[in-house]
Amino acid sequence: MQNHVHNWIDVAAEEDCVEGHAIEVLVEGELIAVFHDQGQWYAMDGMCAHQGGPIAQGHVADGCVTCPWHGWQYELSTGIQTINRQPLQKTYAVRAIDGRVEIDMNS
Ligand code: FES
């Protein structure tokens, strides 16, 4: 079995992503929404799978984000759309370490 070796990319300062909010970062040409919610970090495709809405500007509650454009809702940890239960939104491994936020784009 092959272990996945993380390739962490520094994307932001931890203090730039306030608890309960999200920021947008551009990583390797991809727009990523980074969430800091209830002490956990999450990262997902920053463009909604529906029509490309800005996911980072969505309302966060109960571990889910609601797209501000038409209300599609995704689980932060899985990218699963809560109505049809399909994993429509790509998610990435993310961690906060030494005051920096890092994402693994290959995860
Ligand atoms: S673009 Fe996100 S719900 Fe339509």
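Strands S3 (residues 30-37) and S4 (residues 40-45) pair in the antiparallel sense over six bridges. Two strands count as paired if DSSP finds at least two bridges between them, and strands themselves are DSSP runs of E with at least two residues, numbered from the N terminus. This is a predicted model, in which local features need pLDDT of at least 70 and side-chain atom pairs count only at pLDDT 80 or more, while totals for chains, interfaces and linings use all residues. Residues are numbered from 1 along each chain as its sequence is written, and side-chain values use heavy atoms, with hydrogens and water left out.

Gln38 is exposed, with a relative accessible area of 62%; exposed means over 50%, buried under 20%, and partly exposed in between, for a 1.4 Å probe and protein chains only. From Gln38 to Ala61 the C-alpha distance is 9.9 Å, at a separation of 23 residues in sequence.

On its other pairing, S3 meets S2, again in the antiparallel sense, over seven bridges. Here Ala33 of S3 is the bridge partner of Glu24, and Glu30 of S3 is the bridge partner of Val27. S2 and S3 also make a hairpin with two residues between the strands, where Glu28 takes a positive phi near 50°. Six of the eight residues of S3 are buried, so this strand is largely enclosed by the rest of the structure.

Asp37 is placed in S3. Asp37 is buried yet has no salt bridge, and the nearest side chain of opposite charge, Arg85, is 15 Å away. A salt bridge requires a side-chain nitrogen of Lys or Arg within 4 Å of a carboxyl oxygen of Asp or Glu. For charge, Lys and Arg count as positive and Asp and Glu as negative, with His and the chain ends not counted. Leaving aside residues up to four places away in sequence, Asp37 touches Glu19, Gly20, Tyr42, Val60, Gly63 and Leu76, where contact means heavy atoms within 4.5 Å.

From S4 the pairing continues to S8 (residues 91-97), antiparallel over two bridges. Met44 has Thr91 of S8 as its bridge partner.

These strands belong to an open sheet of six, in the order S1-S9-S8-S4-S3-S2, with antiparallel pairing. S1 (8-13) and S2 (21-27) stand at the edges with a single partner strand each, so one side of each is left without a neighbour in the sheet. Neighbouring strands of the sheet are turned by 30° against each other on average, direction ignored.

An unreviewed UniProt entry annotates residues 8-103 as "domain: Rieske". Over residues 8-103 the chain is 0% helix and 49% strand, and the end C-alpha atoms are 5 Å apart.

Technical notes: Helix = DSSP H or I, 4+ residues; strand = E, 2+ residues; numbered from the N terminus. Axes fitted to C-alpha atoms, helices over the stretch in contact; angles between N-to-C directions. UniProt positions renumbered as here; feature names shortened; annotations may be inferred.
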